[in-house]
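Subject: Structure for you to look at, with notes

Dear colleague,

I am handing over the structure below, and I would be glad if you opened it before reading on. My notes follow it, and they are meant to be read with the structure on screen.

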Amino acid sequence: MTKRCYITTPIYYINAAPHLGHAYTTIAADVLARHFRGRGRAAHLLTGTDEHGQKIEDAAKAAGKHVIDFCDTTSAKFRDLWKHLDIHVDDYIRTTEKRHEDKVQELFALLLKNGDIYKGRYEGLYDVVSESFVKESDAMKGPGGVLLGPDSGKPLQRLSEETYFFKLSKYAPRLLEHYKANPDFLAPKSRAAELHRFVESGLEDISVSRTKVKWGISVPGDPGHTIYVWFDALINYWSAAAGAEDLWPADVHIVGKEIFRFHGVIWPAMLIAAGLPLPKKVFAHGWWTVEGHKMSKSLGNFISPYDITAEYGVDALRYFLLREMPFGNDGDFSKASLVKRYNAELANDLGNLVSRVSEMVDKFLGGRLPTKPPLGEDFYTTAVAKRTSEISAKMEALDFCGALDVIWEVIRSLNARVNEKSPWKLAKEDAKQCELVLFDLVWSLRLVSGWLDPFMPSTAAKIHMQLGVRLFPDALTAEDVLAGKTQRPGLIQKGPVLFPRKV
Ligand code: MSP
């Protein structure tokens with residue numbers, strides 16, 4: 001059985017509606033999955049929601065709802081957004097599902113049995129916002145000496161509870177060995193170095209159960225304890241793969257940089273302890289700020305993806321997020337840079353090229369797809385096709401921005417070619433030469449739209465349609481087109497403007 005390429009996103013907390021940051025990670029995962037599918041490799045995209053723990057319990061209480069009703073409502077918002085953003089989700093896991101709860105208990109029981117989980121007492125600090133135990137030395141001092149979470153900046157709770165511990169300390173040497181033997185396991189390299197140093201400095205055992213939190217999965221055989229929400233959540237990647245022999249281990253866990261330690265240290269240690277194969281890669285991308293500020297409740301500057309798509313369309317958002325900041329870096333989201341890229345790259349470079357080419361074929365060849373001229377000619381398309389492997393290598397390294405750099409280089413070169421060859425002059429002077437130039441332009445653009453497909457599925461489908469690859473009404477989705485039949489193949493059909501200019 002060939003293994004499916006198993007790609008995951010974090011499972012998102014459902015205390016609030018999804019925003020731009022969540023959309024970013026899930027779009028990236030979808031782009032990667034679509035890339036593999038386009039290359040003939042089956043891909044499986046898992047996303048979902050993280051529904052247990054104190055933060056969710058508190059949020060439901062504040063909303064005056066039963067916790068599970070609250071979870072149902074918000075989890076559905078995430079699922080709806082993925083549909084809206086043209087994200088093809090193969091499996092959507094919720095940690096309140098029985099298929100997950102059973103697996104969490106199974107893994108917990110296994111580690112308890114083999115001595116990797118033991119009972120003790122936790123005396124220390126807890127950050128509800130990030131649902132993490134915080135070392136005294138990592139806490140920040142706020143006004144009046146109040147201790148604050150290092151990431152959240154919010155007041156910490158002081159806990160004193162009986163707890164189960166996971167022997168994380170025991171696994172530091174094994175983790176370091178794994179990092180060394182698998183240099184691509186943690187990516188990007190700049191962020192991996194920080195994790196290496198963290199593990200080299202020695203690990204402490206971590207608390208993996210709570211007695212004061214009721215909304216969680218109970219510890220097998222000790223119902224007074226619920227399993228720590230992160231221990232529960234990380235297992236989702238494995239519980240969702242239960243019963244499928246062609247999925248585990250995951251090929252890549254895509255996560256934000258703030259949860260790299262959970263995925264690059266704790267999760268692999270849990271898997272080693274359970275005797276399970278480790279994921280092949282954990283990729284930590286950077287964070288978006290908005291107009292120069294961190295997105296936060298107090299600033300009320302969470303960007304709703306719906307607001308952006310209403311104005312610019314789904315594909316423009318998908319494109320911009322992966323174009324504007326190299327995957328792995330931090331960056332800033334601003335309306336001004338979105339509009340700039342939209343007009344310059346989508347409306348001008350790409351949109352104009354498509355409409356110019358289809359118009360010229362319409363005008364000079366009566367809409368007939370130019371046929372391949374006699375062999376032995378020096379086709380530009382051949383040079384363009386050679387870029388495919390370069391683009392693939394970048395996509396597979398999750399260098400989406402680098403792949404788009406190459407694609408745009410080609411798009412610009414095609415625009416330059418139109419100007420240089422001036423097919424409108426050739427049409428009058430040398431019909432054969434005109435057809436040859438149009439052949440190159442059409443076939444090159446067909447390749448370009450194939451490369452664009454993972455990023456902008458419906459735009460790629462429209463370009464395909466205009467270039468006679470498959471002719472469908474606009475309303476059909478990319479999936480329809482991919483699955484579909486061909487109508488009147490071979491005819492170039494001018495379509496509406498792909499990206500109307502914005503002011
Ligand atoms: N529930 C945990 C993850 C458990 S995974 C086993 C969690 N959830 S979260 O709702 O807070 O989502 C965090 C993730 O959302 C980040 O890791 C990142 O993927 C994405 N982002 C949230 N805000 C973001 C930005 N401002 N910028 C980029 N991505 C961000 O943590």
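The bounds of a domain, as I use the word here, come from an automatic or database domain assignment. For this chain, the assignment gives domain 1 (5-285) and domain 2 (335-483). Please keep in mind throughout that this is a predicted model.

**The two domains and the core**

The C-alpha centres of domain 1 and domain 2 lie 42 Å apart, and where the domains meet, 13 residues of domain 1 are in contact with 14 residues of domain 2. The largest nonpolar core has 155 residues, of which Phe 166, Phe 231 and Phe 333 touch the most other members. Helix α12 (residues 335-365) gives the largest share of this core, 12 residues. Because domain 1 (5-285) and domain 2 (335-483) both give residues to the core, it lies between them.

**The ligand**

Around the ligand there are 24 residues, and the closest are Ile 11, Thr 25, Asp 50, Glu 258 and Trp 288. Three of these can be described atom by atom. A polar backbone atom of Ile 11 is 2.8 Å from a nitrogen atom of the ligand, and an N or O atom in the side chain of Asp 50 is 2.7 Å from a nitrogen atom of the ligand. In the case of Glu 258, a polar side-chain atom lies 2.8 Å from an oxygen atom of the ligand. On its own the ligand has 680 Å² of accessible area, and the protein covers 94% of that. The elements that give two or more residues to the shell around the ligand are β1 (5-13), α1 (20-38), α7 (229-234) and α8 (236-239).

**His 225**

Is His 225 buried or exposed? Its relative accessibility is 2%, and since buried means under 20%, His 225 counts as buried. This residue is found in strand β13 (residues 222-227), and its side chain is joined to that of Glu 162 by a polar contact of 2.8 Å. Not counting residues up to four places away in sequence, His 225 also touches others, among them Lys 119, Tyr 164, Arg 210 and Val 219. Lys 212 is 13 residues from His 225 in sequence, and the two are 7.9 Å apart in space, C-alpha to C-alpha.

**Backbone details**

Two peptide bonds deserve a look. The bond from Ala 187 to Pro 188 is cis, with omega near -5°, and Pro 188 lies in the loop between β9 (186-187) and α6 (189-200). The bond from Trp 248 to Pro 249 is cis, with omega near 5°, and Pro 249 has its place in the loop between α8 and β14 (252-256).

Positive phi values in residues other than glycine come next. Glu 291, in the loop between β16 (288-290) and β17 (293-294), has phi near 45°, and with a relative accessible area of 46% it is partly exposed. Ser 422, in the loop between α15 (400-421) and α16 (423-429), has phi near 40°, and Ser 422 is buried, with a relative accessible area of 8%.

With best wishes

Technical notes: Residues are numbered from 1 along each chain as its sequence is written. This is a predicted model: local features need pLDDT of at least 70, side-chain atom pairs count only at pLDDT 80 or more; totals for chains, interfaces and linings use all residues. Side-chain values use heavy atoms; hydrogens and water are left out. A nonpolar core is a set of buried Ala, Val, Leu, Ile, Met, Phe, Trp, Tyr and Cys residues joined through side-chain atoms within 4.5 Å. Buried means under 20% relative accessible area, exposed over 50%, partly exposed in between (1.4 Å probe, protein chains only). Helices (H or I, at least four residues) and strands (E, at least two) are DSSP runs, numbered from the N terminus. Contact means heavy atoms within 4.5 Å. A polar contact is a pair of N or O atoms within 3.5 Å; within protein, one must be able to donate a hydrogen and the other to accept it, and residues adjacent in sequence count only if both atoms are side-chain atoms. A residue is near a molecule or strand if one of its heavy atoms lies within 4 Å of it. Accessible areas come from the Shrake-Rupley method with a 1.4 Å probe; for residues, only the protein chains shown count as cover.
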